[in-house]
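Here's a quick briefing to keep open next to the structure.

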Amino acid sequence: MITYFLRRALGAVAVVLVLSAVVYVTFYVAPGDPARLACGPRCNPEQIRQVREQLALDDPLLVQYWHFLQGVFVGSDYSAGTAVLHCDAPCFGLSYQNNQQVTDLLVERLPATASLAVGAMVVWLVVGIGTGLLSALRRGGVTERVLTWLTLAGTATPVFISGLVLLMIFCAYLEWLPFPSYVPLTEDPEQWAWNMLLPWVALGLLESAKYARLTRSSTLETLAEDHIRTFRAYGVRERSLVARHALRGALAPVIALTAADFGSIFGGAVLTEMMFGLPGIGQLLVRSTQTIDLPVVVAVVVITGAAVVIANIVADVLYAVADRRVALR
């Protein structure tokens with residue numbers, strides 16, 4: 001186990017380093033002058049030269065990348081006008097738009113994205129696993145065909161369509177829910193839950209279709225195994241057979257996929273956040289891309305990539321815990 005974790009940790013560090021190098025080269029070495037972007041359109045050549053000196057853009061590329069890594073892992077000092085400020089790790093520098101530390105911007109947006117991710121995960125697990133199990137246990141019947149069509153419809157419906165339909169029905173027509181306006185959990189838990197309900201459902205239903213298909217296929221595969229047939233031959237009741245023996249193996253791939261999806265959703269819920277006006281990391285990424293705010297874009301891409309790498313390690317471990325037949329080698 002220890003050897004497995006050490007090997008995966010080293011592999012994760014290597015992947016994150018390669019990702020950071022690719023992102024850095026893509027955004028900072030590609031055509032365009034970061035100093036001009038940081039200074040703004042009204043800067044004269046002398047001001048642009050000063051910004052280049054502050055950002056150390058005249059240093060060799062490897063030195064610039066080393067300063068970037070140093071800021072991410074141990075923090076760095078940088079110039080802001082006549083002052084020299086210290087930025088604790090992970091430090092991605094200052095935003096080109098408002099001169100705020102990029103890390104502070106991400107921390108401000110993290111609660112909204114985390115709220116969306118956790119709530120949507122609960123929805124897609126409850127709906128997806130429940131639908132998949134029911135479809136597998138009612139194989140060949142009307143229930144399975146109906147659930148299969150609903151699953152296909154959920155997969156084919158983009159989140160901006162389902163989100164718009166939910167807003168029209170529950171907010172505009174029935175007036176059961178307020179139009180979503182993010183309220184922090186620490187300020188008013190009840191309003192936080194009511195305002196997050198539709199975003200949770202919109203994103204959760206989209207993802208639940210994938211989990212329903214996976215749960216159905218893995219359940220049918222597990223129920224066809226030899227030890228399940230042996231239990232049936234000994235007269236074990238079907239409900240006990242599914243709950244105590246088949247469900248554990250059937251849900252192992254679902255648990256692993258959940259960990260991986262939860263890591264990627266922090267940068268991948270862009271449409272949901274834009275649709276419902278949530279001040280999350282995805283919305284920050286879109287706006288920073290529109291204004292060419294390179295430090296923010298680089299920070300979001302690197303952090304999202306690192307979260308996906310870590311989530312995949314967690315997924316492997318959870319898979320092995322859920323299914324004892326899988327060994328960590």
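This is a predicted model: local features need pLDDT of at least 70, side-chain atom pairs count only at pLDDT 80 or more; totals for chains, interfaces and linings use all residues.

The protein chain comes to 13 helices and 2 strands, and its C-alpha trace spans about 85 × 55 × 35 Å along the principal axes. Of the 329 residues in the chain, 42% are buried. If you take the contacts with a separation of 6 or more, 65% of them are between residues 24 or more positions apart.

- Helix α4 runs over residues 61-74, which makes 14 residues. From first C-alpha to last, α4 reaches 20 Å, close to the 20 Å expected at 1.5 Å a residue.
- Which residues of α4 are buried? They are Q64, Y65, F68, L69, G71 and V72.
- Just after α4 comes G75, with a positive phi of about 90°.

**Helix α7 and what comes after it**

- α7 (159-173) is made of 15 residues, and its end-to-end C-alpha reach is 20 Å, close to the 21 Å expected at 1.5 Å a residue.
- V159, S162, G163, L166, L167 and C171 are the residues to look at for burial in α7.
- What do the buried residues of α7 pack against? Their partners are α8 and α11 (270-276).
- After α7 you run into E175, and its phi is positive, near 55°. E175 sits in the loop between α7 and α8.
- Is E175 buried or exposed? E175 is exposed, because its relative accessible area is 61% and anything over 50% counts as exposed.

**Helix α12 and what comes after it**

- In α12 (281-290), the buried set is I281, G282, Q283, L284, L285 and S288.
- α12 is followed by I292, whose phi is also positive, near 55°. I292 is not a glycine, and you'll find I292 in the loop between α12 and α13.
- Why pick out E175 and I292? Most residues other than glycine have a negative phi. E175 has a positive phi of about 55° although it is not a glycine, and I292 likewise has a positive phi of about 55° without being a glycine.

**The second largest pocket**

- How much space lies in the second largest pocket? About 330 Å³.
- Its lining has 19 residues, and L106, L110, I303, T304 and A307 lie nearest the centre of the pocket.
- α1 (2-29), α5 (102-137) and α13 (294-322) each supply at least two residues of that lining.
- α13 gives the most to the lining, with 8 residues.
- By type, the lining of this pocket divides into 17 nonpolar residues, 2 polar and no charged.

**G305 in α13**

- G305 is found in helix α13. G305 counts as buried, because its relative accessible area is 17% and the cut-off for buried is under 20%.
- Compare G305 with T3: the two are 302 residues apart in sequence, and their C-alpha atoms are 24 Å apart in space.

**L214 in α8**

- L214 belongs to helix α8, which covers residues 189-223.
- With a relative accessible area of 23%, L214 is partly exposed.
- Which residues does L214 touch, leaving aside its neighbours within four places in sequence? L214 is in contact with P253, V254 and L257.
- The C-alpha atoms of L214 and A252 are separated by 10 Å, and the two residues are 38 residues apart along the chain.

Technical notes
Residues are numbered from 1 along each chain as its sequence is written. Side-chain values use heavy atoms; hydrogens and water are left out. Helices (H or I, at least four residues) and strands (E, at least two) are DSSP runs, numbered from the N terminus. The expected span of a helix is 1.5 Å times one less than its number of residues. Buried means under 20% relative accessible area, exposed over 50%, partly exposed in between (1.4 Å probe, protein chains only). Contact means heavy atoms within 4.5 Å. On a 1 Å grid over the protein atoms alone, a cavity is a set of points where a 1.4 Å probe fits but cannot get out, and a pocket is an open set with protein on both sides within 12 Å along at least five of seven lines; lining residues have an atom within 4 Å of a point. Grid points are joined across faces, edges and corners, and a volume is the space filled by probe spheres set on the points. Ala, Val, Leu, Ile, Met, Phe, Trp, Tyr, Cys and Pro count as nonpolar, Asp, Glu, Lys and Arg as charged, and the others, Gly among them, as polar.
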